[in-house]
Amino acid sequence: MRDGKTSVDLISYIEANFGDDVSFVYGEEITTILVKKENTLKVASALKDWGFNHFSDVTVVDYIDEGEFELIYHLWSHGERKRLMLKTRIPRDKATIDTLTPIWSSAHMHERENHEMFGIKFEGHTDLLPLLLEDWEGLPPLRKDFDSRKFVLEEFYGGERE
Amino acid sequence: MIDVPFFTIPFGPCHPSSGHFHASITLDGERVVELKPDPGYLHRGFEKLMEYRTYLQNSPLVDRICILDPFHAELGYVNAAEKILDIEVPEKGKFIRTIMAELGRILSHITWIGVTSMVLGLNSGCMIAWGDREPLIRINEKVTGGRIYPCYFIPGGVRRDLPENFPEMIDEVFDRLEKNLEQYDFLVFDNETIRVRMENVGILETEEAIDLGATGPNLRATGLKADLRKDEPYEVYDQLDFDIPTQKKGDAFSRGMCRRLEIEESMNIIRDALQKIPGGEFKNKDFKPFTKAKEKETYFCCESARGEQCYHMVGDGTDKPYRVKVRGPSFSHSLAEFPYLAKNAYIADIPAIYWSLDPCPADVDR
């Protein structure tokens, strides 16, 4: 982070509250906090109290070789003008995690999108209906085992194309 | 008393004031009980497509994310890509990008004035705005070769240099635009048709706005001075002198006024940047079509015309990204703020609320 002082404050605040449950990665510009799946909600709640009031986005990355999904929550503090990434990993075959909608309302639609695109179940989410796709019944399309070239060939070219 | 049941009507996707966006509105008489957004009519699967293409091929692709503000879609993409490709940009390239991005902001805000006037029943506002849009699009064409989709920024700089007579072209267009801004004030912003329909409609408080994920002019209209150009300066914004216009009330009219004032501020930024632009290379020739990225990830945000435009990019050591996540500003505007503001509003206020948020359906669906 750019401002050394506040960055230390944040880290000591999180360490005092969670100790060994969290670890830090210091990037060139953005600090990342790594947490276990079951602690995500608690740590997120503490981060909101610290001042991360803007939930920017959540990215899911499919690490298929490791059999895991990585969820990266992107947070921004309007007061401190700081950015932070909160990272956690969940197994691909049991893709469930607590919803963060009680903490940030803007997480609602982002989680709904990721449920549709990756098939992740956000426990406690009130409305996990499809968002962008129409009548989709196949594999969630942003997973790495969904081959979009094969899909296009089968759907629009009858399986083969010169 | 006769018990009248609630009824549901669709807003879009072919409504003149909805764009390609659909929401189903449940009504109790003229009051909106609930508005359920249903996006997806412009879903093209960019995030998946980008995993199959090289970093250079993705550059023209991201233009299509939002038709109205393609420069910022590119700006966010190339900055994120440069971070994982480890490519430096020459100073002149950064200046050119800043200038063109600000031109894109003016273009987007002028389009907003046009569309909003038309939606609210003031067709002449639309005609004048479209008249002002054309010279700006011609500048786009002369600089980049494309009128609407520039395909101009690439990792490492820009595709080609600014034309020699660029400052004169800008002066000519801006002189005309400055005169017309007075006309906009007279015709649009002081017009009773617009005022009655926008003032005290769709009021958003700062706390609520932040919780709903609002950014850009929609957040600044509530009084918060939040702008990534100042908060996390990218390109050359830290070398330029500019101000961030804000409003206090947070209603539909303030959001519009914020955009109106930003047009002037963007013109100042471009004039300032043209004074300070250095000579030298405009692109880094180390970047090749098949340059491989490092195994790292980055999250980059820029302040687009509508708010926070972010890219999360994961590189895996090949010439194609492993994963790209696009965070468009309209995602929150359409799907979080709009249903919130529509609740308990009159059905007749829905177009004013929707357009005051300036969402871009293409950017929601990606």
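Modeller: We can begin with contacts along the chain. This is a predicted model. Among contacts in chain A between residues at least 6 apart in sequence, 52% join residues at least 24 apart.

Colleague: Which elements does chain A have, and in what order do they run?

Modeller: Chain A has four helices and seven strands. Read from the N terminus, the order is α-β-β-α-β-β-β-β-α-β-α. The C-alpha atoms of chain A fill a box of roughly 60 × 35 × 25 Å along the principal axes. Of the 162 residues in chain A, 35% are buried.

Colleague: How do I read burial in a helix, and which residues of helix H2 of chain A are buried?

Modeller: The general idea comes first. An α-helix has 3.6 residues a turn, so residues three or four places apart point the same way. In H2(A), residues 40-50, the buried ones are Thr40(A), Val43(A), Ala44(A), Leu47(A) and Trp50(A). These residues lie on the same side of H2(A) because they cover an arc of only 115° around the axis.

Colleague: What follows H2(A)?

Modeller: Gly51(A) follows, and its phi is positive, near 140°.

Colleague: How many residues of chain A are in contact with chain B?

Modeller: 25 residues of chain A are in contact with 26 residues of chain B. On the chain A side, strand E3 (54-63), strand E4 (68-77) and helix H3 (107-118) are the elements that give two or more residues. E3(A) gives the most, with six residues. By type, the residues on this side of chain A divide into twelve nonpolar, ten polar and three charged.

Conventions:
Residues numbered from 1 in each chain as written. Chains lettered and ligands numbered in written order. Predicted model: local features only at pLDDT ≥ 70, side-chain atom pairs only at ≥ 80, totals over all residues. Buried ≥ 20, exposed ≤ 12 C-beta atoms within 10 Å, placed from the backbone. Arc of directions from axis to C-beta. Contact = placed C-beta atoms within 7 Å. Nonpolar A, V, L, I, M, F, W, Y, C, P; charged D, E, K, R; others polar.
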